[in-house]
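Have the sequence and the 3D view open side by side as you read.

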Amino acid sequence: MAVELINPDGLPKPEVYRQMSIATGSRLVFLAGQVARDADGNPVGPGDLAAQTEQAYLNIGTAMAAAGGSFDDVAKLTVHVVDWSPEKFPLLGEGVARAAAKLGVDPVKPITLLSVAALGEPDLLVEVEAIAVLD
């Protein structure tokens with residue numbers, strides 16, 4: 001695998017993400033932010049952060065398969081959540097866990113979580129972008 005995920009000594013060791021990924025592949029994949037839309041562009045999970053997060057992660061899995069890889073090849077995620085608050089963490093985690101179960105992967109990656117005022121369309125609650133490395 002082209003991506004090794006670690007929590008180096010001297011940094012906190014969170015359970016829900018890793019501090020660093022070391023990528024050794026030869027092809028970089030930069031994936032646009034994925035949102036709660038199915039293959040036909042229809043909204044998924046209106047008003048439901050867990051359902052929207054699940055769909056965004058599933059879309060990343062679909063895109064990675066098209067590139068010849070999988071979600072396991074993702075080296076870094078950036079998650080944008082509308083009006084983030086710590087109370088939303090369980091819903092975000094639920095969506096990630098459901099997607100991980102469907103994809104059969106460990107979703108723990110280096111991640112940056114950002115609170116945003118709004119996303120590109122008014123019904124969207126979360127957008128997830130990914131950087132991956134393939135051999």
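**Notes on the model, point by point**

1. Let's begin with Asn-7, which is buried, with a relative accessible area of 17%; the cut-off for buried is under 20%. Please keep in mind throughout that this is a predicted model. Asn-7 sits in the loop between strand E1 (3-6) and strand E2 (20-23). A polar atom of its side chain lies 2.8 Å from the backbone nitrogen of Gln-19. Setting aside neighbours within four places in sequence, Asn-7 is in contact with Pro-12, Lys-13, Pro-14, Tyr-17, Arg-18 and Gln-19.

2. Next, have a look at helix H1, residues 49-66. Its 18 residues reach 26 Å from the first C-alpha to the last, close to the 26 Å expected at 1.5 Å a residue. Of these 18 residues, 14 are buried, so H1 is largely enclosed by the rest of the structure.

3. Both ends of H1 are worth a click. At its start, the backbone nitrogen of Ala-50 has a side-chain oxygen of Asp-48 within 3.1 Å. Just after the helix comes Gly-68, with a positive phi of about 90 degrees.

4. Which residues have the most contacts inside the largest nonpolar core? They are Tyr-57, Ile-60, Val-74, Leu-77 and Val-128, in a core of 23 residues. Strand E3 (27-34), H1, strand E4, helix H2 (89-103) and strand E6 (126-134) each supply at least two residues of this core. H1 gives the largest share, six residues. As background, nonpolar side chains in soluble globular proteins tend to be buried together.

5. Leaving out neighbours within four places in sequence, Tyr-57 is in contact with Phe-71, Leu-77, Val-79, Val-96, Ala-99, Leu-103, Ile-111 and Val-128. If you display this set of side chains, you will have a handy view of the surroundings of Tyr-57.

6. Now for the aromatic rings: the structure holds two aromatic pairs. In one of them, the rings of Tyr-57 and Phe-71 have centres 5.5 Å apart and planes at 25 degrees, so the pair is stacked. This pair links distant parts of the chain, 14 residues apart: Tyr-57 is in helix H1, while Phe-71 is in the loop between H1 and strand E4 (74-82). Both Tyr-57 and Phe-71 are buried.

7. The rings of Trp-84 and Phe-89 have centres 6.4 Å apart and planes at 90 degrees, so this pair is edge-to-face. Are its members buried or partly exposed? Trp-84 is partly exposed, with a relative accessible area of 23%, and Phe-89 also counts as partly exposed, at 38%.

8. Helix H2 has 15 residues, which should span 21 Å at 1.5 Å a residue; its end C-alpha atoms are 21 Å apart, which agrees. Leu-92, Gly-95, Val-96, Ala-99 and Ala-100 are buried in H2. Seen down the helix axis, the buried residues fall within an arc of 135 degrees, so they line one face of H2. The cover over these buried residues includes H1, E4 and strand E5 (111-116).

9. On the other side of H2, you will find Pro-90, Ala-101 and Lys-102 exposed. After the helix comes Gly-104, whose phi is positive, near 70 degrees.

10. Leu-58 is buried, with a relative accessible area of 18%. Not counting residues up to four places away in sequence, Leu-58 touches Ala-99, Lys-102 and Leu-103. Leu-58 and Lys-102 are 44 residues apart along the chain, and their C-alpha atoms are separated by 8.1 Å.

11. Finally, turn to Glu-87, in the loop between E4 and H2. At 62% relative accessibility, Glu-87 counts as exposed, the cut-off for that being over 50%. Its side chain is joined to that of Ser-85 by a polar contact of 3.0 Å.

Technical notes: Residues numbered from 1 in each chain as written. Predicted model: local features only at pLDDT ≥ 70, side-chain atom pairs only at ≥ 80, totals over all residues. Heavy atoms only, no water. Helix = DSSP H or I, 4+ residues; strand = E, 2+ residues; numbered from the N terminus. Expected span 1.5 Å × (residues − 1). Buried < 20%, exposed > 50% of the residue type's maximum accessible area, 1.4 Å probe, protein only. Polar contact = N/O pair within 3.5 Å; in protein donor to acceptor, adjacent residues only side chain to side chain. Contact = heavy atoms within 4.5 Å. Phe/Tyr/Trp six-rings, centres within 6.5 Å; stacked < 30°, edge-to-face > 60°. Core = buried A, V, L, I, M, F, W, Y, C linked by side-chain atoms within 4.5 Å. Arc of directions from axis to C-beta.
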